[in-house]
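Please open the model in your viewer, with the sequence panel alongside, and keep a selection tool ready. The tour moves from the whole chain to single residues, and each stop says what to select and what is to be found there.

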Amino acid sequence: MFETFFSTYLNSTIRFLFLLAPFFVITMFLALTRGLPAAEKSSIIRRAIVSAFILGLVLFFAGPLLFDAIGITLNSFRIGAGCLLFLTAVSLVSSGTRNHATGLPEEDRDDVAVVPLAIPVMIGPATIGAIMVYGAELKAVPQVAGGLLGLVSGLLILGVLLHLSGYLEKALGKTGLNIMSKISGLILSAMAAEIVLTGIAGFIASTQAA
């Protein structure tokens, strides 16, 4: 049981961390909070992480309920979510940005923690689909516990990186952050391919069994 929990935890932490596209989030965070005092930046990070966790928690358990409600299978959703995630990966590789969150808000906002930082910069459409797929795939209690802890760990690591964003910008520069975003996109593309291929294989197996 512990081995199942630990392997699921490590796998989920890595998956969720890359799903969040941390270096793209850092770039957007730096642009959104430029000139703000350190205390306010820390407050924004805390609220953004908590908001992203609440949404991620809901999505993690919402998959099976949604699939039953609208009459689709997990394999069909895997294919759709994987394709959407692949488009995000292509956008990260080509330009270092996510295709759904490439610009800053046109109007001034009193609080950027929830919108746009948590949604859609941290958790966008592709991430929503992937979280629902991963949540639906985990059945046993140790797997679910490991998956949830992985989500928490991924967000905590992102929070630490955001607190260090100023140092990362100085060390890597804008070009370095952009390159790291592109590398994240490559890994996301592989994750997307795995989701799609698993969905296709499951769909073919189900039709043959029928």
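What follows is a walk through a predicted model, beginning with the overall fold and ending with pairs of aromatic rings.

**The whole chain**

Show the protein chain as a cartoon and colour it by secondary structure: there are eight helices and zero strands, and read along the sequence the pattern is α-α-α-α-α-α-α-α. The radius of gyration is 18 Å, close to the 17 Å that the globule rule gives for 210 residues, so the chain is as compact as a globular protein of that length. If you draw a box along the principal axes, the C-alpha atoms fill roughly 60 × 35 × 30 Å. Of the contacts between residues at least 6 apart in sequence, 88% join residues at least 24 apart.

**The nonpolar core**

Next, select Leu19, Ile26, Leu85, Leu117, Met122 and Leu162, which touch the most other members of the largest nonpolar core, a set of 52 residues. The elements that give two or more residues to this core include helix 1 (2-19), helix 3 (38-70), helix 5 (113-122) and helix 8 (165-209). In soluble globular proteins, nonpolar side chains tend to be buried together. Now centre the view on Leu117 and show what surrounds this residue: leaving aside neighbours within four places in sequence, Leu117 is in contact with Val25, Phe29, Leu32, Ile44, Ala48, Val112 and Met122.

**Helix 4 and what follows**

Move to helix 4, whose 22 residues reach 31 Å from the first C-alpha to the last, close to the 32 Å expected at 1.5 Å a residue. Show its buried side chains, among them Asn75, Arg78, Leu85, Thr88 and Leu92, and then bring in helix 1, helix 2, helix 3, helix 6 and helix 8, against which the buried residues of helix 4 pack. Just after helix 4, stop at Gly96, which takes a positive phi of about 80°.

Is Ser181 buried or exposed? With 2% relative accessibility, Ser181 counts as buried. Not counting residues up to four places away in sequence, Ser181 touches Phe23, Phe24, Leu92 and Gly96.

**Aromatic pairs**

Finally, display the aromatic side chains, among which the structure holds six aromatic pairs. Select Phe16 and Tyr134, an edge-to-face pair with 6.3 Å from centre to centre and 90° between the planes. Because Phe16 lies in helix 1 and Tyr134 in helix 6, this pair ties together parts that are 118 residues apart in sequence. Phe16, at 4% relative accessibility, counts as buried, and Tyr134, at 5%, counts as buried too.

Then select Phe67 and Phe77, whose ring centres are 4.7 Å apart and whose planes stand at 45°, so the pair is tilted. Phe67 is in helix 3 and Phe77 in helix 4, 10 residues apart. Relative accessibility is 5% for Phe67, which counts as buried; Phe77, at 17%, also counts as buried, because the cut-off is under 20%.

For the last stop, select Phe2, Phe5, Phe6 and Tyr9, which ring pairs link into a cluster.

Key:
Residues are numbered from 1 along each chain as its sequence is written. This is a predicted model: local features need pLDDT of at least 70, side-chain atom pairs count only at pLDDT 80 or more; totals for chains, interfaces and linings use all residues. Side-chain values use heavy atoms; hydrogens and water are left out. A nonpolar core is a set of buried Ala, Val, Leu, Ile, Met, Phe, Trp, Tyr and Cys residues joined through side-chain atoms within 4.5 Å. Buried means under 20% relative accessible area, exposed over 50%, partly exposed in between (1.4 Å probe, protein chains only). Helices (H or I, at least four residues) and strands (E, at least two) are DSSP runs, numbered from the N terminus. Contact means heavy atoms within 4.5 Å. The expected span of a helix is 1.5 Å times one less than its number of residues. Rings of Phe, Tyr and Trp (its six-membered ring) pair if their centres lie within 6.5 Å; planes under 30 degrees apart count as stacked, over 60 as edge-to-face and the rest as tilted. The radius of gyration is taken over C-alpha atoms; the globule rule is 2.2 Å times the number of residues to the power 0.38.
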